[in-house]
Amino acid sequence: MSSYDKYQTPLATRYASQEMMSIFSARTRASTWRQLWVWLAEAEKELGLNIPDEAIQQMREHVTVSDKAFDVAREYENKFRHDVMAHVHAYGEDAPAAAGHIHLGATSCYVTDNADLIFIQKALDLILPKLAKVIQNLKEFALKYKDTPTLGFTHYQPAQLITIGKRACQWIQELVMDLEDIETVRERLQFRGAQGTTGSQATFLELFEGNADKIVELNKILCKKAGFPSTYPISTQTYTRKVDLRVANAVCAIGATAERIASDIRHLANLKEMEEPFEKSQIGSSAMAYKRNPMRSERIAALSRKLANLPVNFSNTFKAQWFERTLDDSAIRRMDIPEMFLLADSILLALDNVTNGLVVYPSVVRAHIDQELPFMATESILMKLAQHGVSRQDAHEEIRVLSHQASAVVKQEGGKNDLLERIKKSEFFKPVWGEIDGLVDPALFIGNCPRIVEDYCNGEVAEKLSRYQETLSKAETAQLSI
């Protein structure tokens, strides 16, 4: 059957990186199980159990699961209705000298749960530098435009001016929060290790003839081999699904942040102030040839919406577990854990592409400022008149009347904001006629934005990125395949 004749997730066929897909591939999963069995046998032998050297050698030689071994395992699973035992028997056929030693003392979750923790660890290690790359892109963008005034928006209505760089810093700060949260769950991630069927370690206590110290040593050896600092102190049949929820809360927050950033970019694209990269041969619409749709940002928004809503699945799976374990966590985790990381990976690839190629149109930005700045300058005009001895209340009323007239021209006639021209023609404002033009320089209205951008980007952000400097120095901007 052709791949075109069966469903394939778009995350794999269109959006995610090969590296992330490889982590969650069937071969990586099954081969990691085999590696875990090798580590267990090696550790048990080291601690005195009678496992032949030939058995361990054959296991090592067949860690990578072949296509043939997958077929064998499939036949066993059809017979046993148990995926782990199917692979135990398939491994035994590849390594016959080890057939009676594979999985000794272990429960299925020894391989399934420990493998999931390994995959989560590797996936976190893959997305952290990608997130750092997006932050670096925006840091450079923010510093470039730290002095460039732009309209602020509250309620999506024009508000006090900020700078383009300051707005980018808002995005950066939220991404840095995501970075911190993901770093935290990565640093706190532990191994399940060898804990037995209900977490009592009873089978291993029996294997080691009541020597509990050997169980401690067994788990230290396994952690060292797998690259984990320690095991969770308490396990049931599984590691607690609270771990998955903690990871999801951190990783899936990228979705909320990314959608917010993408939404801002889409609104700015509508205003023609800023655009995402647009390729020379790219088509925006099949019907409207002139269009330059923000398809990358729209893709980010769509994928982010899916990612941001995934934590509820992990929460429901965690709270639905009964006592030491129920199997209703299995099928949903097979989907949710890979999808979470494939989504995060896809979003970060697209964000990298967009943030590294943002295009700003300063003339359009200035035109929009000029439509609103006369209103914003009126408070300064009031203060200047007061310095000339004019009543503040009288001046306020004069400005109110002229402002409403200018607003009517803009809203009812589609004209430009002519408030300043009206003020210059009014004898009431004659004392400050010569000062008015100097009061409407946009740079006078951006407050401390340039300093805020410089201090933040060159301070906290630079410090956060320092641990990724080696990776970032070699990183290339993600190119989207579709």
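**View 1. Helix 8 beside helix 19.** The axes of helix 8 and helix 19 (residues 449-466) come within 10 Å, with a crossing angle of roughly 25°. Axes here are lines fitted to C-alpha atoms, for helices over the stretch in contact, and angles run from 0 to 180 degrees between N-to-C directions. Helices are DSSP runs of H or I with at least four residues, numbered from the N terminus. The two are therefore roughly parallel to each other (angles under 35 degrees count as roughly parallel, over 145 as roughly antiparallel). Their crossing is left-handed, that is, the near helix is turned anticlockwise from the far one by less than a right angle. Helix 8 puts in residues including Gly165, Ile172 and Glu180, and helix 19 answers with Cys449, Tyr456 and Lys464, among others; contact means heavy atoms within 4.5 Å. By class, that contact has 10 nonpolar, two polar and four charged residues. Ala, Val, Leu, Ile, Met, Phe, Trp, Tyr, Cys and Pro count as nonpolar, Asp, Glu, Lys and Arg as charged, and the others, Gly among them, as polar.

A word on the model: it is predicted, with local features needing pLDDT of at least 70 and side-chain atom pairs counting only at pLDDT 80 or more, while totals for chains, interfaces and linings use all residues. Residues are numbered from 1 along each chain as its sequence is written, and side-chain values use heavy atoms, leaving out hydrogens and water.

**View 2. Helix 7 against helix 8.** Here helix 7 (residues 108-144) and helix 8 (residues 164-188) have axes that come within 9 Å and cross at roughly 165°. That makes helix 7 roughly antiparallel to helix 8. This crossing is left-handed too, and the contact has 20 nonpolar, two polar and five charged residues.

**View 3. The largest nonpolar core.** Of its 135 residues, Trp37, Tyr110, Leu124, Ile172, Met340 and Phe341 touch the most other members. A nonpolar core is a set of buried Ala, Val, Leu, Ile, Met, Phe, Trp, Tyr and Cys residues joined through side-chain atoms within 4.5 Å. Helix 7 supplies the largest share of this core, 18 residues. Beyond its neighbours within four places in sequence, Leu124 has contacts that include Ile182, Val247 and Phe341. Apart from this core lies another, of five residues, Val72 and Tyr76 among them.

**View 4. Helix 11 under cover.** Seven of the 10 residues in helix 11 (residues 242-251) are buried, including Asp244 and Val247. Buried means under 20% relative accessible area, exposed over 50%, and partly exposed in between (1.4 Å probe, protein chains only). The packing partners of these buried residues include helix 7, helix 8 and helix 15 (330-355).

View 5. Lys130, in helix 7, counts as buried at 17% relative accessibility. Leaving aside neighbours within four places in sequence, Lys130 is in contact with Ser17, Asp345, Leu348 and Leu349. Asp181 sits in helix 8 and counts as partly exposed at 41%. Asp181 and Asn249 are 68 residues apart in sequence but 8.7 Å apart in space, C-alpha to C-alpha.

**View 6. Positive phi in two loops.** Most residues other than glycine have a negative phi. Glu209, in the loop between helix 9 (202-207) and helix 10 (212-226), has phi near 55° and is exposed, at 77% relative accessible area. Arg325, in the loop between helix 14 and helix 15, has phi near 155° and counts as partly exposed at 21%.

Terms used:
Parallel < 35°, antiparallel > 145°, perpendicular 65-115°, else oblique.
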